[in-house]
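Here are some worked exercises on helix packing and backbone geometry. Have a look at the model, then try each task before reading its solution.

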Amino acid sequence: MAKILIIDDERSIRNVLVDILSGEGHSVDAAEDGYVGLQSMKSSKYDLIFCDVKMNGMDGVEVLKKMMEGYPGQCVVMISGHGTVDTAVECIKLGAFDFIEKPIDLNRLLDCVRSALDPKSVQPEIKVQKKKKNNGVKMVGESESMKFLREIIERVAPTDARVLITGENGTGKEVVARLLYEKSNRHGEPFVEVNCAAIPNELIESELFGHEKGAFTSAIKQRIGKFEQANGGTIFLDEVGDMSLEAQTKVLRVLQEKELNRVGSDKVINVDVRVIAATNKDLRKEIAKGTFREDLYHRLSVIPIHVPPLRERLEDLPMLIDHFMKIICEEQNISPKKVTAEAFEELCQHDWSGNVRELRNVVERMIILCGAEINGDDVRQHVNLKYLGANK
């Protein structure tokens with residue numbers, strides 16, 4: 001597993017993060033301030049570092065700057081109870097992998113660790129896949145809603161039609177997008193995923209369309225945008241409802257004209273890209289509020305697909321639990337565990353506001369923290385565990 005360093009001047013948060021990440025099987029060190037953290041880096045190599053922003057003495061932003069100067073490419077996640085968009089943008093520009101606000105959501109923390117340690121991850125929530133064979137993407141469940149969803153995917157995937165996937169957070173919109181790609185005629189060409197909610201508005205235009213060297217202060221070299229990277233393949237615009245109106249206008253042009261300009265350039269670049277978008281928002285309401293362009297909505301939603309929340313297909317719960325149990329036990333090298341009937345009953349009573357993503361994290365948590373048999377008491381103890389730490 002990974003070697004991780006926690007830099008935070010609040011002992012309680014350090015201890016909780018160390019306990020949780022150690023429980024995940026990682027080797028974790030802790031430093032009480034930025035000076036000690038930087039000294040730790042001189043004697044050990046870390047796969048991932050969590051660094052608080054607001055600390056006595058040297059603050060986290062200054063620590064981040066020194067890390068990037070002395071250890072280029074180091075994977076650092078910034079955490080803060082006083083996070084602002086400006087601070088997040090500054091940290092990402094300086095080279096941070098991600099920015100997490102306090103109180104720290106356990107699901108968010110574990111997802112961030114998983115993503116940061118994935119060798120394919122280059123930037124937060126932005127992944128590129130090219131000429132990759134089927135990676136085992138699977139949609140689990142035999143409820144009527146899932147059977148209908150599979151039928152729609154089979155009919156739509158071979159076409160180049162644009163698709164708008166809607167549904168709550170954690171329902172599996174990304175899985176639907178990947179299946180559409182895997183079953184498409186563009187499979188084997190690039191699949192580029194962009195989480196629009198994870199990129200500050202100040203950076204999204206450059207991320208999507210690229211920029212020329214010198215286009216703005218921090219543009220020290222030319223950058224190829226995500227649409228260009230996806231040329232000939234598929235681009236997945238996740239959480240498209242969080243995109244700024246200015247970026248929406250430029251995306252609309254790409255869809256209409258199949259061409260773009262990098263930031264700082266008048267050169268026209270032609271692109272041939274299939275667009276799949278997803279959102280957890282009601283875009284018709286966003287249109288009424290003036291935060292989403294109606295013409296872009298109609299361009300994106302040629303084929304609308306809705307992914308139901310887990311609470312509406314609880315009959316799939318045993319199959320999903322068994323699926324995650326097998327995957328996680330294999331990943332963690334843990335012997336398979338038995339889930340009692342009482343535990344299943346307790347799991348069915350939960351509201352699953354985080355949907356399938358929350359279920360996977362709960363199953364992983366119980367596999368790691370519980371005994372050979374997971375019972376009702378285990379579920380009651382672990383299923384509602386949400387937050388670590390508090391505002392400083």
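Predicted model: local features only at pLDDT ≥ 70, side-chain atom pairs only at ≥ 80, totals over all residues.

**Exercise 1.** Find which residues of α13 meet which residues of α15.

*Solution.* Step 1: on α13, the contact (heavy atoms within 4.5 Å) involves Leu317, Leu320, Ile321, Phe324, Met325, Ile327, Ile328, Cys329, Glu331 and Gln332. Their partners on α15 are Val356, Leu359, Arg360, Val363, Glu364, Ile367 and Ile368.
Step 1: sorted by type, these residues comprise 13 nonpolar, one polar and three charged.
Step 2: the axes of α13 (residues 317-332) and α15 (residues 355-369) come within 9 Å and cross at roughly 50°.

Residues are numbered from 1 along each chain as its sequence is written, and side-chain values use heavy atoms, leaving out hydrogens and water.

**Exercise 2.** Work out which residues of α2 (residues 34-43) are buried.

*Solution.* Step 1: Gly34, Gly37, Leu38, Ser40 and Met41 are buried (under 20% relative accessible area; exposed means over 50%).
Step 1: they lie on the same side of α2, because their arc around the axis is only 155°.
Step 2: the opposite face carries the exposed Lys42 and Ser43.
Step 3: the cover over the buried residues includes β1, β2, β3 and α3.

**Exercise 3.** Locate the cis peptide bond next to Pro103.

*Solution.* Step 1: the bond joins Lys102 and Pro103, with omega about -5°.
Step 1: Pro103 sits in the loop between β5 and β6.

Conventions:
Axes fitted to C-alpha atoms, helices over the stretch in contact; angles between N-to-C directions. Helix = DSSP H or I, 4+ residues; strand = E, 2+ residues; numbered from the N terminus. Nonpolar A, V, L, I, M, F, W, Y, C, P; charged D, E, K, R; others polar. Buried < 20%, exposed > 50% of the residue type's maximum accessible area, 1.4 Å probe, protein only. Arc of directions from axis to C-beta.
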